[in-house]
Amino acid sequence: MERNRIRNFCIIAHIDHGKSTLADRFLEITQTVPEQKMADQYLDRMELERERGITIKAQAVRMLYSAVEGNEYRLNLIDTPGHVDFSYEVSRSLEACEGAVLLVDAAQGVEAQTVGNAYLALEEGLFIIPVVNKIDLPSADPQGTVMEVADLLGVEPGDVLEVSAKTGEGVEELLRTVVEKTPPPEGDPEKTLRALVFDSDYDMYRGVVAFIRVMEGKVNKGMKALFMATGAASEVEEVGFFAPDMTSCEILESGDVGYIITGMKDVSMVKVGDTVTNAKDAAQMPLPGYHDPKPMVFAGVYPVDSDDFTNLRDALDRLKLNEAALTFAPETSRALGFGFRCGFLGLLHMEIVQERLEREYGLELVITAPNVVYEVETSQEGTVYVRNPSEMPEAGVIKEVREPYVQATILLPPNYMGGIMELVKERRGIYQDMTYLSGRRVEIRCRLPLAEIVMDFYDQLKSRSRGYASLDYEHIGFVPGNLVKLDILINKEPVDTFSCVVEKRRAHAYGKIMTQKLRQLIPRQLFDVPVQAAVGGRIVARETIKAKRKDVLAKCYGGDVTRKKKLLQRQKEGKKRMKMVGRVEIPQEAFIAALKVTREEIGK
Amino acid sequence: MRIYMHWPFCRSRCAYCDFNTRVAGEDRMKRYCSSLKEEMRAWSSWLPQEDRKVTSLYIGGGTPSIVSGEEMGALYREAGRRFHMMPGAEITVEINPATWSRHDFRAAASSGINRFSIGVQSLDHDLLRLLGRSHNAEEALRSVQYAQDAGDVVISVDLLYALPGESKGALLTTLDRVLELRPHHISLYALTLDEKTPLALMHERGVITLPDEDNAADQYFNALEKLGSEGYLQYEISNFSLSGYRCQHNLAYWRREQYLGLGAGAHSFLGGCRFHNVRSVLDYTKRMQRGLSPIEEWEDLTAEDGLFEEIMLGLRVCDGVPESLICKRGNGLDELEKRGLLRRTEDRVLLTSRGMLLSNLVLMELLPV
C-alpha cells in the first residue's frame with residue numbers, strides 16, 4: 001500500500017476515560033474483528049489488564065478503513081499505557097506514531113497524566129486530535145470539558161470532537177478526522193532498514209516477538225536482523241502485523257507497524273527502544289532516544305517457599321522480556337532467605353510484576369517494603385548507589401545522602417487546595433506555582449522526594465481530594481536530604497529486612513511504629529525479647545516482648561495419649577518452619593504482616 | 001490392670017465440649033449398657049488371670065450420672081463379676097452437678113464405688129450458663145455435700161479457669177467457696193477452645209473474649225499458692241490433693257502403666273500397643289451385638305515413640321522423669337534449667353511451676369520428633 005494511505009496513531013487517555021472502549025468501536029467499524037469474536041476491550045489482552053481495566057503493554061493493531069471518497073486506508077492503532085510508571089514505554093509508542101487522539105472524560109475533565117502525555121506527544125511532533133468522550137453520561141459536562149481541552153492545547157473549541165465510545169456516537173467522524181488530519185508516515189523505503197522496537201512479547205515455541213515500527217527501508221523474511229543496542233543478530237523467521245491476531249505477511253516497509261520473529265530465545269537481547277537494522281547492510285546510526293529505563297523503586301522479592309527460588313528466577317527472566325524496565329539481582333535476607341532485589345519504574349509497576357509472578361507463574365511471594373535508590377557520597381568509595389537500605393554505608397564514612405526528587409504536577413478542583421497544599425508540605429514538598437486551568441481546575445506544581453510517592457503520597461492525595469486530584473511527575477535527579485538509616489533490632493540483633501532510610505526527624509516516630517507492630521506480631525518466647533529501633537548506635541525506640549508464660553495442653557482425656565502426641569508434633573513442625581533471628585523464633589507470617597504495615601502506617 | 005469405662009451420653013452438650021458424647025434416650029443407653037457388659041465379658045475371657053486384677057476403675061463421660069446411682073452400681077457390680085477388684089481399688093465415677101440426689105450417691109457408694117469426681121467447673125451463674133452447663137452454683141456445691149454424705153468416699157472437684165471475661169481473681173474466689181467443703185482432690189484446667197465448638201465460634205465472631213495469657217498464668221500461680229497454704233499438694237500440672245488422695249487412675253496414665261478402655265471411642269494401652277474403639281455409639285453397639293471386635297485402630301509404638309511418651313507424660317507429674325531418659329536428648333537441658341523451667345534432683349528431672357505452665361515449650365526442646 002502506498003505510504004500516503006497509512007496512518008499511524010495512538011490514543012492518549014487517563015485510566016477509565018474510555019480508551020479501550022473507543023478502540024473496540026474502531027475494530028467494529030473497520031470490521032477488523034468479526035462481530036462474534038468481539039470481546040469487549042479486545043486490545044487489553046492480558047487477563048490482568050482486563051481485570052484492572054488498564055493497559056499495561058502497548059499493542060498495535062492494523063485496521064483497513066474505506067473512506068467516503070472510496071480510498072482504502074491502513075490505520076495502525078498503537079495502544080499506549082496510561083500510567084506515569086510507564087512513561088518510557090509511552091514515549092516509545094508515541095515515537096511510532098504521527099498522530100494522537102487525546103481522549104478526555106466529559107465527566108472527569110482533564111487529568112494530570114493526560115496533560116503530561118499530551119505535552120510529550122506535542123514534543124514528539126505528533127498531530128493531536130482532541131476528543132471529549134462519554135458525552136452520553138448524565139453527569140457529563142461536555143461544554144466545560146471542551147473548553148478545558150481547547151485551553152490546554154491552544155486550539156479552537158470547535159476543533160474538539162465530542163463522542164460516546166459506548167454508544168458509538170461521533171466515532172465514525174473521529175475516524176474520518178484521523179484519516180484527514182494525521183500526517184502519513186515519512187521515511188524512504190529504499191534506504192537501509194531502521195525500525196524502532198516499541199514493545200516485545202515472548203512466545204513459548206517461537207521465542208521473542210519484537211513489535212516494530214519501520215522508519216526507513218523494509219524488512220522481510222530471511223533477512224538477517226541486527227538489534228543495534230544489544231548487538232544481537234538473527235535471521236528473520238516471520239514478518240507480520242496484528243489484525244488484531246498475529247498475521248504473517250511478506251514484507252514491512254517504512255511507515256508500517258508490525259512484528260518480526262527471529263527465533264531468538266534470550267529476552268534480554270530485544271529491548272524496547274532499540275533499533276533493528278539489516279545486519280548485512282547496517283545503518284550508520286540507530287534511531288534517537290534509546291535508553292535503558294531506570295528503575296527508581298526497589299524491593300526485595302522472596303519466595304514464601306524457599307524451594308521456589310529457582311522458579312522465581314526463571315519467572316523473572318521470562319517477565320523481563322516484556323517488562324523492559326524490570327531489573328533484578330540476587331540477595332539474601334536472614335529473615336526471608338534467598339530472593340532478589342528488584343527494581344521497578346514505580347509502585348504500580350511493582351504491583352503488576354508481583355501479580356504477574358503470582359498469577360502466571362503460580363508463585364507465592366513476600367515483597368519487602370519498597371524503597372527508592374539513594375546516591376551516597378562517601379569519604380572512602382566516592383559516590384555509591386544504595387538500592388537496599390541494609391547496604392547503606394556506616395554513618396562515619398557518609399558525607400552526604402541524596403535522594404531522587406520528582407517534578408510533580410497535581411490537578412484538582414479548587415476546593416481541595418488547602419488540604420493538598422498541606423499534604424505537599426507534610427511530605428517535604430517544595431511548592432513552586434499554581435495555575436487556574438479553568439474555574440473548576442487548578443494545577444499545582446511542586447517538587448517532591450520520590451520516597452514520599454513510594455510511601456503513600458498518591459493514596460493520601462486521592463483520599464484528601466475524594467478521588468478528584470490527579471498526579472503526574474517526572475524524575476529530576478538527586479537532591480541532598482537529612483536522611484539516616486534506621487535499623488530494627490530483635491533481641492539486640494539487626495534484622496536487615498526492616499532496615500530503612502528515613503528523614504532524621506521522623507526516625508523516632510517510624511521506629512516507634514515498627515517496634516510496636518513487631519511486639520504485637522512476634523509470638524512470646526521463653527525469655528523477654530527487646531525490640532529496638534536504632535540510628536547509628538543510638539536506640540530511638542524500644543519495646544519488650546514479654547516472656548511467654550502459658551503453653552500447656554489440657555487434660556489427657558480418657559487416656560487418649562495419641563491425640564496429645566499429635567498436637568505436640570504439629571506444634572513442633574510449626575516450630576521448624578520458624579525463622580531464627582539469633583535465638584528468637586519468628587513465624588514467617590509475622591515478617592510478612594510487619595512488612596505490610598510499614599507502608600500503610602508510617603505515612604500517618 | 002486399670003480400666004476406663006466410657007459413658008458417652010449427656011443430658012445436654014456443653015458449649016466448650018468436643019468429647020465423645022451425645023444426647024440420647026433410655027433405649028439407646030440400655031443397649032449401650034448391654035454392649036459394655038458384653039465387652040467386659042469378652043475381655044475377661046481373653047485376658048490372663050494376672051491382667052484381670054484391677055487396681056482402679058474410672059467411669060467417665062459424657063455424664064455417667066444421667067443414669068441413677070443404682071444403675072451405675074449395677075454396672076460396677078457387673079465389672080466386679082468379670083474382673084478381680086483388688087482390695088483398696090480406686091473406683092471413680094464422674095458426676096455432673098444436679099443429676100444425682102443424696103440417695104443416688106448412697107446407692108452408688110453401697111455398691112463399692114468409692115470416689116466421685118464432680119464437675120463443678122465454676123461458681124459464676126452467668127459463666128455456667130454461657131458454658132452450657134445444666135446446673136447453677138448452689139446445685140454444684142450441694143452435689144459435693146451429697147457426695148460427702150454418702151459415707152467413706154473420696155471427693156474430687158473439677159474447676160475451669162481462664163473463662164470468658166474472667167478477672168484475675170476469679171479462680172481464687174471460686175476456690176474460697178470450694179475449699180470450705182474440703183474436697184480431697186481438686187483439678188484445675190484452663191479452658192481450651194476446641195475447634196467447631198459453639199464457644200469457639202462465639203470467640204471467632206467476637207461475641208466473647210478470653211482472658212490473655214498473663215491473666216491465665218496469674219490465676220494459675222495464685223491458685224497454686226492458695227492450694228498449698230490449704231494443705232493441697234500439687235502432684236501433676238493440673239491436679240492437687242490432700243495427702244494420700246492422689247488419683248491413682250490418672251497417675252497410671254502418666255506413668256505409662258497399661259490400661260484397658262471399654263465403650264465407644266475408649267482408648268487402651270496394652271502390651272506396648274495403643275488402640276481405641278470405634279467412636280460412634282451406634283457402630284459400637286452394632287459390633288458388640290454381632291460379636292465383632294469394637295477396635296477401630298491400633299498404633300504400634302517404636303522404642304522412640306515410647307521414649308517420647310515417657311517424657312511427655314512423665315514430666316506432667318511433679319516427681320518428673322529419671323534423668324537417664326532425658327540425657328539422651330542433647331544439651332537443651334541446661335538451657336531450660338537456666339531459664340527456670342526445669343529442676344534437677346539427684347537422678348530425676350522435673351518441671352518447675354513456671355515450667356509446668358510452659359510444658360509444651362519444654363517438651364518441644366526435649367522430644368524426639
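This is a predicted model: local features need pLDDT of at least 70, side-chain atom pairs count only at pLDDT 80 or more; totals for chains, interfaces and linings use all residues.
Next comes strand β31 of chain A, residues 529-535. β31(A) is mostly covered, with 5 of its 7 residues buried. It has pairing partners to follow. Strand β28(A), residues 483-490, runs antiparallel to β31(A) and is joined to it by 5 bridges. Here A:I490 stands opposite A:V531 of β31(A). Strand β32(A), residues 538-545, is also antiparallel to β31(A), and 7 bridges join the two. In this pairing, A:A533 stands opposite A:A541 of β32(A). β31(A) and β32(A) form a hairpin with 2 residues between the strands. A:G536 in this hairpin takes a positive phi near 60°. Strands of a sheet pair through backbone hydrogen bonds, either parallel or antiparallel.

Chain A also holds an open sheet of 8 strands. The order is β11-β10-β16-β7-β8-β15-β12-β13, and the pairing is antiparallel. Which strands lie at the edges? They are β11(A), residues 233-235, and β13(A), residues 246-249, each of which pairs on one side only. Neighbouring strands of this sheet are turned by 40° against each other on average, direction ignored. A:F241 has A:T247 of β13(A) as its bridge partner.

The last stop is the contact between the chains. How many residues of chain B are in contact with chain A? There are 36, and they meet 24 residues of chain A. Several elements of chain B each supply at least two residues to the side that touches chain A, among them β1 (2-7), β6 (185-190), α8 (213-229) and α11 (303-314). α15(B) gives the most to this side, with 5 residues. What is the make-up of the side of chain B that touches chain A? Its residues divide into 22 nonpolar, 8 polar and 6 charged.

Key
Residues are numbered from 1 along each chain as its sequence is written. Chains are lettered from A and ligands numbered from 1 in the order in which they are written. A residue is buried if 20 or more other C-beta atoms lie within 10 Å of its own, exposed if 12 or fewer, and partly exposed in between; C-beta atoms are placed from the backbone. Helices (H or I, at least four residues) and strands (E, at least two) are DSSP runs, numbered from the N terminus. Two strands pair if DSSP finds at least two bridges between them. Two residues are in contact if their C-beta atoms, placed from the backbone, lie within 7 Å. Ala, Val, Leu, Ile, Met, Phe, Trp, Tyr, Cys and Pro count as nonpolar, Asp, Glu, Lys and Arg as charged, and the others, Gly among them, as polar. Axes are lines fitted to C-alpha atoms, for helices over the stretch in contact, and angles run from 0 to 180 degrees between N-to-C directions.
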